[in-house]
Amino acid sequence: MKPYVSYDEAMAQLYRENPQMALDALNACMKDGDMEMLLVTLRHIAKGKGVAELAEATGLQKNTLYRTLSSRGNPSLRTLLSICGALGVAMRFEARPAA
């Protein structure tokens, strides 16, 4: 019997093993405007890469990082960009088609 793996751990492993899937998930969150899911997805990616390393790279405490990337988190743009940079992803702007 396989040991129990939490949803968060399973997603972290999935994104670690499939970086393109992680990028696709982030882009889907941005397209949908779903900030809560964006933060949760970033948390899963962070967990897959190593929260301790990410905390060191961003200058945030581990518990602050977890709180920031929770579904109730409200990071500043500076913090969000720092986290994305440490994860090796970038946010970008693009023109929306006229309605």
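**Figure 1. Helices α1 and α2 lie roughly perpendicular to each other.** The model is predicted. Helix α1 covers residues 7-17, and helix α2 covers residues 19-32. Their axes cross at roughly 110 degrees. Angles of 65 to 115 degrees count as roughly perpendicular, so the label applies to this pair. The two axes come within 5 Å.

**Figure 2. Residues at the contact between α1 and α2.** Helix α1 contributes Leu14, Tyr15, Arg16 and Glu17. From α2 come Pro19, Met21, Ala22 and Ala25. Six of the contact residues are nonpolar, and two are charged. No polar residue takes part.

**Figure 3. The chain holds six helices and zero strands.** Along the sequence the pattern reads α-α-α-α-α-α. Helices α1 and α2 from the views above belong to this series. Contacts between residues at least 6 apart in sequence were also sorted by separation. Of these, 54% join residues at least 24 apart.

**Figure 4. Overall dimensions of the chain agree with a compact globule in radius of gyration.** The chain has 99 residues and a radius of gyration of 14 Å. A compact globule with 99 residues would have a value near 13 Å, which is why the two are said to agree. Along the principal axes, the C-alpha atoms fill a box of roughly 55 × 35 × 25 Å.

**Figure 5. Burial and accessible surface of the chain.** Buried residues account for 32% of the 99 residues. The accessible surface is about 7200 Å². Carbon and sulfur atoms supply 53% of that surface.

Notes
Residues numbered from 1 in each chain as written. Predicted model: local features only at pLDDT ≥ 70, side-chain atom pairs only at ≥ 80, totals over all residues. Heavy atoms only, no water. Axes fitted to C-alpha atoms, helices over the stretch in contact; angles between N-to-C directions. Helix = DSSP H or I, 4+ residues; strand = E, 2+ residues; numbered from the N terminus. Parallel < 35°, antiparallel > 145°, perpendicular 65-115°, else oblique. Contact = heavy atoms within 4.5 Å. Nonpolar A, V, L, I, M, F, W, Y, C, P; charged D, E, K, R; others polar. Rg over C-alpha atoms; globule rule 2.2 N^0.38 Å. Buried < 20%, exposed > 50% of the residue type's maximum accessible area, 1.4 Å probe, protein only. Areas by Shrake-Rupley, 256 points an atom, 1.4 Å probe, with all protein chains shown as cover.
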